[in-house]
Amino acid sequence: MRTILFAAGIAAAFAVAAVPVKFLEQTPVMDGEFASDPGWQHVEESLSMHRLGDHAAPERPTSFRIAYGIDAVYLALEATDPDPAALIANAADQGELWQDDSIEIFLTDRNGRGIQLIVNAAGARFNRPLNWNDCPEPNQLWNWNAALQRFANGYRLEVRIPYLLLPEDMDYRELYFNIGRNAQGKSPEVSTYARLANGMFFDPENFVPLELIHASGAESIPARLAADRLDAWRADAPRRYQEAQRKNDRYFQQYCAANPEPVARMEALLLLPERSPAEEEALRQLAGDALRITDEITREQTSRILDQLFQ
C-alpha cells in the first residue's frame, strides 16, 4: 500500500505546507447549509483567507472546509459581509462572474494545468480550463454543483468538483489548489488562501498542495480513483443513461446497434435502484469493454459516445 503524502518534497518546492484533506464517509447534501450536515461532521478544521497583496486579515472574512469523496472534491465556505443586501451578482452562467461578489476556485497539477471555477453571490457558475489546450468543450458550462444560501451576515456556499472535470491523464493524488474571494461594494476587497506573489489568483507556483488522508480502513482511495474512473459515474448513471438515449446521437446509436447484448445488460444494471458487489463488478466490466470497443471506431466518436453515456 502506498502512503499518500506530499508534505516534504512538494511542500519544499512550493514553499507552502500541504493541507490535510479528509475522506468523506458520507456524501454531504448540496444545499449550502453545512453546519449540521452529517457529511461534514468529521471535517472540523475551518481554513481562513488573507487579503491579496499585503496578507492582512480581510475586513470581510472568509473561511472554508475542504474534503474529498469517491467521486469528487467538496468545499464548504462561509463568506461574511456586513451588508448582504448590497452584494453584487449581475452575471449569468459563464458570464464575467469575477466582476461580482464571487468565489474563485482553482484545482490544478503542479504545473498549473487544471480548471478554474467561479460562483457568484446568486449561485451563477463559470468554468474554464487552465493550461489545457485539448480540453473538450472549453466554453461550455460543465457538470459540477454549487449551492448557495444567504444569511444575515453574508452567504454560505457548497461546491462539488467531480474528478471527471480534470484532465484524463492527471494524477488525482497530486492536486494543488487555491480559493479566492472577490468582495465588491463601496470598498472592494480581494482575499485568497494561498500566499500569492503576482497579485493575481492564478499563481500556480504558489498554489497549495493537498494531502489526501485515507479514511479508517480505506486503502488507497485516490489510487483507485486514478485507476478506475467508473466509480465517479455510479450515483447518477441511470439519469445520464436515459438522457443519452433521448439525445439520439448517431454515434451512440451506432455503438448500440453493433453491440446490443452488452448494451442491454449494462442498461439493466444501470437502472437498478441498488446493486450488489457482484453487479457493480459486472457493470464495471461491461463499461470497460464498451470503452475498448468504441475506441475501435475513432477517438473522436468514442469521446462523444462516452459523453452521451456518462456526462
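The paragraphs below lead from the overall chain to its nonpolar cores, its salt bridges and a few local features.

The model is predicted, so local features require pLDDT of at least 70 and side-chain atom pairs count only at pLDDT 80 or more, whereas totals for chains, interfaces and linings use all residues. Residues are numbered from 1 along each chain as its sequence is written, and side-chain values use heavy atoms, with hydrogens and water left out.

The protein chain contains 7 helices and 13 strands; these are DSSP runs numbered from the N terminus, a helix being H or I over at least four residues and a strand being E over at least two. Of its 311 residues, 50% are buried. Here buried denotes under 20% relative accessible area, exposed over 50%, and partly exposed the range in between, with a 1.4 Å probe and protein chains only. Among contacts in the protein chain with a separation of 6 or more, 63% are between residues 24 or more positions apart; a contact means heavy atoms within 4.5 Å.

The interior can be described through its nonpolar cores. A nonpolar core is a set of buried Ala, Val, Leu, Ile, Met, Phe, Trp, Tyr and Cys residues joined through side-chain atoms within 4.5 Å. In soluble globular proteins, nonpolar side chains tend to be buried together. The largest nonpolar core has 47 residues, of which Phe-64, Ile-66, Ile-161 and Phe-177 touch the most other members. Elements giving two or more residues to this core include strand 1 (19–23), strand 4 (62–68), strand 5 (72–80) and strand 6 (102–108). Strand 7 (114–120), strand 10 (154–162), strand 11 and strand 13 (208–213) likewise give two or more residues each. When neighbours within four places in sequence are left aside, the contacts of Ile-66 include Val-19, Val-21, Trp-40, Leu-47, Phe-177 and Leu-210. A second, separate core of 8 residues includes Leu-24, Trp-40, Tyr-74 and Ala-76.

Charged side chains are also paired within the structure, which holds 8 salt bridges. A salt bridge is a side-chain nitrogen of Lys or Arg within 4 Å of a carboxyl oxygen of Asp or Glu. Arg-51, Asp-54, Arg-60, Asp-81, Arg-181 and Glu-189 are linked in a network of such bridges. Arg-60 is buried at a relative accessible area of 12%, and Asp-81 is buried at 6%.

Arg-60 also forms a salt bridge with Glu-189, at 3.9 Å from N to O. Because Glu-189 lies in strand 12 (residues 189–192) and Arg-60 in the loop between strand 3 and strand 4, this pair ties together parts that are 129 residues apart in sequence. Both Arg-60 and Glu-189 are buried. Asp-81, in turn, forms a salt bridge with Arg-181, again with an N to O distance of 3.9 Å. Since Asp-81 lies in the loop between strand 5 and strand 6 and Arg-181 in strand 11, the pair ties together parts that are 100 residues apart in sequence.

Arg-181 belongs to strand 11 (residues 176–183) and is buried, with a relative accessible area of 0%. The Arg-181 side chain reaches the backbone oxygen of Arg-60 at 3.0 Å and makes a polar contact with the side chain of Thr-62 at 3.0 Å. A polar contact is a pair of N or O atoms within 3.5 Å; within protein, one must be able to donate a hydrogen and the other to accept it, and residues adjacent in sequence count only if both atoms are side-chain atoms.

Most residues other than glycine have a negative phi, and most peptide bonds are trans. His-55, in the loop between strand 3 (50–51) and strand 4, has a positive phi near 65°. His-55 is partly exposed, with a relative accessible area of 31%. Gln-94, in the loop between strand 5 and strand 6, has a positive phi near 65° and is partly exposed at a relative accessible area of 24%.
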